[in-house]
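Keep the model open beside the text as you read.

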Amino acid sequence: MECIMTILQMCSRSLTFSSPSSAAAAAGDNDDDGIEANIPPRREKYDVFINFRGEDTRRGITSHLHAALLQKKIETYIDYRLQRGEEIRPALREAIEKSTLSVIIFSQNYASSAWCLDELVHILECKERNGQKVIPVFYDINPSDVRKQHGSYASAFAQLEKRFKDNIDKVHKWRDALTTAANLSGFDYPNKGG
């Protein structure tokens with residue numbers, strides 16, 4: 001639970017300094033005359049987008065983090081309606097693009113999901129293009145295993161290379177994205193029963 005509170009604080013801090021609506025809330029909504037401040041319309045639709053492998057984290061860290069964010073009235077996008085084998089839907093791509101910050105929860109089986117990896121690539125593109133903040137969380141996985149695709153990530157990529165042998169460039173993009181994300185400052189969260 002301590003890790004969730006730390007992530008929550010980091011999200012709140014990042015949103016206060018990067019989101020127009022959050023910055024306005026932190027500074028107060030009224031100017032000196034008592035008239036509403038002239039704040040530009042907010043590009044973001046969500047404060048936080050959570051990227052996670054459901055079977056590993058849905059009933060643990062992901063649900064706890066999601067509940068804590070909602071309790072703090074932080075607008076959060078989380079997709080529980082994933083269809084196996086589907087490409088990222090346009091609405092999901094838009095949710096990523098219109099989020100101020102993304103939290104990526106890396107777990108043992110994260111790399112076995114092409115869906116998670118596609119989301120990760122898009123999140124990092126938004127970071128590069130729009131300056132979106134990204135917070136990686138290493139849930140019961142060594143950051144080095146993510147960075148270098150060792151352990152369960154090596155096994156997952158052996159399968160992905162077979163499955164996507166006709167689109168190996170996609171697999172290389174996923175590998176690069178994992179390396180990039182694992183090099184960002186984040187949180188190590190050992191699984192101790194939840």
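Buried here means under 20% relative accessible area and exposed means over 50%, with partly exposed in between (1.4 Å probe, protein chains only). Helices (H or I, at least four residues) and strands (E, at least two) are DSSP runs, numbered from the N terminus. This is a predicted model, in which local features need pLDDT of at least 70, side-chain atom pairs count only at pLDDT 80 or more, and totals for chains, interfaces and linings use all residues. Residues are numbered from 1 along each chain as its sequence is written, and side-chain values use heavy atoms, leaving out hydrogens and water.

Let us start with strand 3: 8 of its 8 residues are buried, so the rest of the structure largely encloses this strand. Two strands count as paired if DSSP finds at least two bridges between them, and the table lists the pairings of strand 3.

| Pair | Bridges | Direction |
|---|---|---|
| strand 1 (residues 46–52) and strand 3 | 6 bridges | parallel |
| strand 3 and strand 4 | 6 bridges | parallel |

Within these pairings, Asn51 stands opposite Ile104 in strand 3, while Val103 faces Ile135 in strand 4 as its opposite residue.

Now for helix 8. Its buried residues are Lys170, Val171, Trp174, Ala177, Leu178, Ala181 and Ala182. Seen down the helix axis, they fall within an arc of 120 degrees (taken from the directions from the axis to the C-beta atoms), so they line one face of helix 8. The face turned away from that buried side carries exposed Asp169, Lys173 and Asp176.
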